[in-house]
Amino acid sequence: MSTTSFTYIGPSMKPTLQEGDGLIIMSYEGRTMRCGDLVIYRRMPEAAPVVHRVVALTPDGIRTRGDNNRLDDPYLL
């Protein structure tokens, strides 16, 4: 299993994650993604990584939201 480390920054996942929390990122490698999973992604290659929770799996893509955000992210992964 492929892993890497990451230091979380930002307010969108409070209180689950606090700035400076260390995360170990593991590849899904064929496992099924589920609602409630935390995912890390980049909207564009040069953008900062985003850590948010999976809130819905749809035929069109994956819906995410930060735990401290009132609304779902306005895009699908």
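Let's start with His52, which lies in strand S4 (a strand is a DSSP run of E, at least two residues long, and strands are numbered from the N terminus). At 6% relative accessibility, His52 counts as buried (buried means under 20% relative accessible area, exposed over 50%, and partly exposed in between, using a 1.4 Å probe and protein chains only). This is a predicted model, so local features need pLDDT of at least 70 and side-chain atom pairs count only at pLDDT 80 or more, while totals for chains, interfaces and linings use all residues. Residues are numbered from 1 along each chain as its sequence is written, and side-chain values use heavy atoms, with hydrogens and water left out.

**Pockets**

- The largest pocket has a volume of about 430 Å³. A pocket is found on a 1 Å grid over the protein atoms alone, as an open set of points where a 1.4 Å probe fits, with protein on both sides within 12 Å along at least five of seven lines. Grid points are joined across faces, edges and corners, and the volume is the space filled by probe spheres set on them.
- The largest pocket has 13 lining residues, and those nearest its centre are Ile25, Met26, Tyr28, Leu38 and Val39 (a lining residue has an atom within 4 Å of a point).
- Two elements give two or more residues to the lining of the largest pocket: strand S2 (22-26) and strand S3 (38-41).
- Sorted by class, the lining of the largest pocket comes out as 11 nonpolar residues, one polar and one charged. Here Ala, Val, Leu, Ile, Met, Phe, Trp, Tyr, Cys and Pro are nonpolar, Asp, Glu, Lys and Arg are charged, and the others, Gly among them, are polar.
- The second largest pocket has a volume of about 160 Å³. Among the residues that line the second largest pocket are Phe6, Tyr8, Pro11, Ala48 and Val51.
- For the second largest pocket, strand S1 (3-7) and strand S4 (50-58) each bring at least two lining residues. Its lining has eight nonpolar and three polar residues, but no charged ones.

**Rings**

- How many aromatic pairs are there? The count is one aromatic pair, where rings of Phe, Tyr and Trp (its six-membered ring) pair if their centres lie within 6.5 Å.
- That pair is Tyr41 and Tyr75: their ring centres are 6.2 Å apart and their planes sit at 75 degrees, so the pair is edge-to-face. Planes under 30 degrees apart count as stacked, over 60 as edge-to-face and the rest as tilted.
- Are Tyr41 and Tyr75 buried or exposed? Both are buried.

**Salt bridges**

- The count of salt bridges is two (each is a side-chain nitrogen of Lys or Arg within 4 Å of a carboxyl oxygen of Asp or Glu).
- One joins Arg53 to Asp67, with the closest N and O atoms 2.8 Å apart. Arg53 lies in strand S4 and Asp67 in the segment after S5, so this bridge ties together parts that are 14 residues apart in sequence.
- Arg53 is partly exposed at 22% relative accessible area, and Asp67 is partly exposed at 28%.
- Asp72 bridges to Arg65, and here the closest N and O atoms are 2.4 Å apart. Asp72 is partly exposed at 33%, and Arg65 is partly exposed at 27%.

- Most residues other than glycine have a negative phi, and most peptide bonds are trans.
- The peptide bond from Lys14 to Pro15 is cis, with omega near 5 degrees. You'll find Pro15 in the loop between S1 and S2.
- Glu29 is not a glycine, yet its phi is positive, near 40 degrees. Glu29 sits in the loop between S2 and S3 and is exposed, with a relative accessible area of 51%.

**Distances along the chain**

- His52 and Thr32 are 20 residues apart along the chain, and their C-alpha atoms are separated by 17 Å.
- Leu57 and Leu77 are also 20 residues apart along the chain, and their C-alpha atoms are separated by 9.6 Å.
- Leu57 is in strand S4 and is partly exposed, with a relative accessible area of 43%.

Key: Helix = DSSP H or I, 4+ residues; strand = E, 2+ residues; numbered from the N terminus.
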